[in-house]
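This report describes the fold, the nonpolar core and selected side-chain contacts of a single protein chain. The sequence and the structure are shown first.

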Amino acid sequence: MGQALGCLQVDQSNVVIREHFGKFDDVLEPGCHCLPWCLGYRVAGGLSLRVQQLDVRCETKTKDNVFVNVVASVQYHAIAEKAADAFYRLSNTRAQIQSYVFDVIRASVPKLNLDAVFEQKNDIAKAVEEELEKAMSTYGFEIVQTLIVDIEPDVQVKRAMNEINAAARLRLAANEKAEAEKILQIKKAEGEAESKYLSGLGIARQRQAIVDGLRDSVLAFSENVPGTTPKDVMDMVLVTQYFDTMKEIGASSKSSSIFIPHGPGAVRDVAAQIREGLLQARPVQDS
């Protein structure tokens, strides 16, 4: 806004209040205007039409007796058609808006618990906006938008809330870990059961193959060597397996020392002991 030689320039997004002998005369819009000060005209002041923002911090108490600081951000601007009301009717616009924000927040928040305040902050902002719009429109101002930008509980309350949240998460993690260990144990048991089952099948098939092989060997030996009986063949097979076992024990690097009787009659004694063991076990199986 510039003034020289009775001419006045009003900048964009601004208006100027012109008075004539101390009385409101007109609202000068952006552009160049004639202001004959010698005839009693003068500029009372200017008014910006740009959107302005006011951040209001209000301390209040929730329904569950927790003190919180609620920060509301109010965006407003003067209405060009009501510039005279906006200029003359309010001496401190920001203080007026702040009073209405305090009134609405302190009437709304005490009805809600702390968690509900966070959940319903949009409803609180809407209530503040409606109240401001209804009140400030009579003074020539329009409320563009109202936002609840922050809700700050007491430091100790925030710490307690964080501890509760952390404890809940730890409990959930412990449950998940226990469930995972349970699944691992179940799968391990199932694997061991399946392994033992397959091992049993393998041992049974191995024994069946040994029996089939011995039977075929006895039949073939009896047919190819006349005068031998199946008993003689079995004695020879048992003795052969005995010496093969001794050989494997001696060849193993992990075997310890084993003392066994040895001599010309030792083989006969071994065969006799094996036969006696088989004869003693047979009645038990037959019974």
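Helices, of at least four residues, and strands, of at least two, are here DSSP runs numbered from the N terminus. On that basis the chain comprises 7 helices and 9 strands. The model is a predicted one. Of its 287 residues, 24% count as buried. Where contacts join residues at least 6 apart in sequence, 61% of them link residues at least 24 apart.

In soluble globular proteins, nonpolar side chains tend to be buried together. The largest nonpolar core of this chain contains 36 residues, and those with the most contacts inside it are Ile97, Val101, Ile105, Leu132, Met136 and Phe141. Two or more residues each are contributed by strand 3 (14-20), strand 7 (52-61), strand 8 (67-78), helix 1 (83-88), helix 2 (93-108), helix 3 (114-119), helix 4 (121-136) and strand 9 (141-153). Strand 8 supplies the largest share, with 6 residues. Apart from residues up to four places away in sequence, Ile97 touches Leu54, Val74, Tyr76, Leu132 and Met136.

**An open antiparallel sheet**

Strands of a sheet pair through backbone hydrogen bonds, either parallel or antiparallel. In this model, 3 strands form an open sheet in the order 4-3-6, with antiparallel pairing. Strand 4 (23-28) and strand 6 (41-48) are the edge strands, each pairing on one side only. On average, neighbouring strands of the sheet are turned by 30 degrees against each other, direction ignored. The antiparallel pairing of strand 3 with strand 4 extends over 5 bridges. Arg18 has Asp26, in strand 4, as its bridge partner.

**Aromatic pairs and a charge over a ring**

A pair of aromatic rings is described by the distance of the centres and the angle of the planes. The chain has 3 aromatic pairs, including the two tabulated here.

| Pair | Centre to centre | Angle between planes | Geometry |
|---|---|---|---|
| Phe24 and Tyr88 | 5.9 Å | 80 degrees | edge-to-face |
| Tyr76 and Phe141 | 6.0 Å | 65 degrees | edge-to-face |

Because Phe24 belongs to strand 4 and Tyr88 to helix 1, their pair ties together parts that are 64 residues apart in sequence. Phe24 is partly exposed, at 36% relative accessibility, and Tyr88 is likewise partly exposed, with a relative accessible area of 36%. Ring pairs also link Phe24, Phe87 and Tyr88 into a cluster.

For the pair of Tyr76 and Phe141, the plane angle of 65 degrees is over the 60 degrees required, so the arrangement counts as edge-to-face. Tyr76 lies in strand 8 and Phe141 in strand 9, so this pair connects parts that are 65 residues apart in sequence. Both Tyr76 and Phe141 are buried. Phe141 is also among the residues with the most contacts inside the largest nonpolar core, and Tyr76 is one of the residues that Ile97 touches.

A contact of another kind involves Arg106, which lies over the face of Phe102 at 4.9 Å from the ring centre.

**A buried threonine in a loop**

Thr62 is located in the loop between strand 7 and strand 8. Its relative accessibility is 2%, under the limit of 20%, and Thr62 therefore counts as buried. Leaving aside neighbours within four places in sequence, Thr62 is in contact with Val68, Val109, Pro110, Leu112, Asn113, Leu114 and Val117. Of these contacts, Pro110 is 48 residues from Thr62 in sequence, while the two C-alpha atoms are 4.3 Å apart in space.

Terms used. Residues are numbered from 1 along each chain as its sequence is written. This is a predicted model: local features need pLDDT of at least 70, side-chain atom pairs count only at pLDDT 80 or more; totals for chains, interfaces and linings use all residues. Side-chain values use heavy atoms; hydrogens and water are left out. A nonpolar core is a set of buried Ala, Val, Leu, Ile, Met, Phe, Trp, Tyr and Cys residues joined through side-chain atoms within 4.5 Å. Buried means under 20% relative accessible area, exposed over 50%, partly exposed in between (1.4 Å probe, protein chains only). Contact means heavy atoms within 4.5 Å. Two strands pair if DSSP finds at least two bridges between them. Axes are lines fitted to C-alpha atoms, for helices over the stretch in contact, and angles run from 0 to 180 degrees between N-to-C directions. Rings of Phe, Tyr and Trp (its six-membered ring) pair if their centres lie within 6.5 Å; planes under 30 degrees apart count as stacked, over 60 as edge-to-face and the rest as tilted. A charge sits over a ring if NZ of Lys or CZ of Arg is within 6 Å of the ring centre and within 35 degrees of the ring normal.
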